[in-house]
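Here is a brief report on one protein model. Look over the sequence and the structure first.

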Amino acid sequence: MSGASMPVAAEAPVAAAARVRWLATPSSAAWLEQALAHPELLLIDHAHCERKAAGAALQLMFRYPSDGELAAVLSPLAREELEHFERVQALLERRGTGLRALAAPPYGAALAALVRRQEPERMLDSFLVAGLIEARSHERMALLAAHSPDAELRDLYADLLASEARHFGLYWLLCERRWPRPVVTDRLTALAASEAEILSSLHPQPRMHS
């Protein structure tokens, strides 16, 4: 599915940024086994994740209302996340599974707690945490695209991979335009290690970020 277009001038830097090593560790075989055993629950959680990703982008725009470049990057990103939400929701409805609330795993709250409270560190950490979540989503969708026994789900996850890669690339681009690369990479290394530690214990319920 084609999503909302991103700024043309950012395409080449984002392609390079997508090659940055975001994740400290790969997802576990236990997570994949759990996810494949509960495809409908995972799909519901996926819909919630797309909506939350749109909300995170909008929250940053409201937090920094005078930053025009930030708005130019994150406004289309938020629209694309909502397009993905609508696509997943439509698939759920076709399968007779309604969208419903699910208990959230500790992943998002634990990452948010790592964001420093003073500016400009708060902005840097917010971009990197958002990028880490997108990078983990990309990695797990790639696993599902490769291993799901459901052809429709394989196609869905495979189709979303390029967008997910572009999204974490955009968050990297926002960082690099504001801080020296060593500052960004050092902080990303620390946050990625914490992200891996958060996922080291498998959540009892299947989630995209469990």
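## Terms and model

Helices (H or I, at least four residues) and strands (E, at least two) are DSSP runs, numbered from the N terminus. The model is predicted: local features need pLDDT of at least 70, side-chain atom pairs count only at pLDDT 80 or more, and totals for chains, interfaces and linings use all residues. Residues are numbered from 1 along each chain as its sequence is written, and side-chain values use heavy atoms, leaving out hydrogens and water.

pLDDT is the predictor's confidence in each residue, from 0 to 100. The chain has a mean pLDDT of 89, with 90% of its residues at 70 or more. Residues 1-19 stay under 50.

## A cis peptide bond

P120 sits in the loop between α5 and α6. The peptide bond from E119 to P120 is cis, and its omega is near 5°.

## Helices α7 and α8

The axes (lines fitted to C-alpha atoms, for helices over the stretch in contact) of α7 (residues 151-176) and α8 (residues 181-198) come within 9 Å. They cross at roughly 130°, on a scale from 0 to 180 degrees between N-to-C directions. That makes α7 oblique to α8, because angles under 35 degrees count as roughly parallel, over 145 as roughly antiparallel, 65 to 115 as roughly perpendicular and the rest as oblique.

Contact means heavy atoms within 4.5 Å. On the α7 side, W172, C175 and E176 take part; they meet R181, V184, T185 and L188 in α8.

## The largest pocket

A pocket is an open set of points on a 1 Å grid over the protein atoms alone, where a 1.4 Å probe fits, with protein on both sides within 12 Å along at least five of seven lines; lining residues have an atom within 4 Å of a point. The lining of the largest pocket has 32 residues, and K52, A56, G108, V129 and I133 lie nearest its centre. The largest share, 10 residues, comes from α3.
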